[in-house]
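Please examine the sequence and the coordinates before reading on.

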Amino acid sequence: MTDNIGHITILVDNMDIRARIIDKYTIYVVDIDNAKELELFQFNQQAASLPDSSEAYKSLEAGYDARIKDLENMLPFSESNPPTTDIFEAATPYYEESSNTIQQKWEVRQEQYLIKSRIEDLKKELSNSDYKIIKCYEANLLGEVLPYDINALHAERQAIRGKINELEEMAG
């Protein structure tokens, strides 16, 4: 199962899940029992036609033993739930070895592209109401009744400008 960011969610029921850290953000995860069964199956398939005393068999057996030992050296995996984030943040999992387990931890970072996207949306919202300002200006020049409540319109636009300024400060 994967979430909307592509992180893998492991559903564990009576499985011995083990992991190895590849890098800070990547791990190799296996169900140790299934992995050992697969290694044994592959060994038996390849060894079936080889005499037990042949060099090829001994080499195959040494490779099998090394792979099993490698699997057994993997550490238990401890998954954690992602933290709650706000609209402009993203939680990214990372992994550390701690107390003979692989621990999943989370980095919460502000995502600049989300902030910039929101700024652009607000600027479009301002642009979309420019015609109301123009209509009010024209009506005022002609001495006519204003078609919109200019005070409410101004307050709405100022609130949008305030939010844009706040987000631009946040974005740096």
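## Secondary structure

Helices (H or I, at least four residues) and strands (E, at least two) are taken as DSSP runs and numbered from the N terminus. On that basis the protein has five helices and five strands, and its elements follow the order β-β-α-α-β-β-β-α-α-α from the N terminus on.

## Basis of the model

This is a predicted model, in which local features need pLDDT of at least 70 and side-chain atom pairs count only at pLDDT 80 or more, while totals for chains, interfaces and linings use all residues. Residues are numbered from 1 along each chain as its sequence is written, and side-chain values use heavy atoms, with hydrogens and water left out.

## Overall dimensions and surface

Taken along the principal axes, the C-alpha atoms fill a box of roughly 105 × 35 × 30 Å.

The protein exposes about 12000 Å², of which carbon and sulfur atoms supply 49%; accessible areas come from the Shrake-Rupley method with a 1.4 Å probe, and for residues only the protein chains shown count as cover. Of the 172 residues, 27% count as buried, meaning under 20% relative accessible area, with exposed being over 50% and partly exposed in between (1.4 Å probe, protein chains only).

## Nonpolar cores

A nonpolar core is a set of buried Ala, Val, Leu, Ile, Met, Phe, Trp, Tyr and Cys residues joined through side-chain atoms within 4.5 Å. The largest one has eleven residues: Val30, Ile32, Ala35, Phe43, Ala47, Tyr57, Leu60, Tyr64, Ile68, Leu71 and Met74. Helices α1 (32-47) and α2 (55-72) each supply at least two residues of this core, and α2 gives the most, with five residues. Apart from this core lies another, of eight residues, including Ile115, Ile119, Leu122 and Ile164.

## Contacts

Contact means heavy atoms within 4.5 Å. Among contacts with a separation of 6 or more, residues 24 or more positions apart account for 52%. Leaving aside neighbours within four places in sequence, Ala47 is in contact with Tyr57 and Leu60.

Glu39 lies in helix α1 and is buried, with a relative accessible area of 14%. Not counting residues up to four places away in sequence, Glu39 touches Tyr64, Arg67, Ile68 and Leu71.
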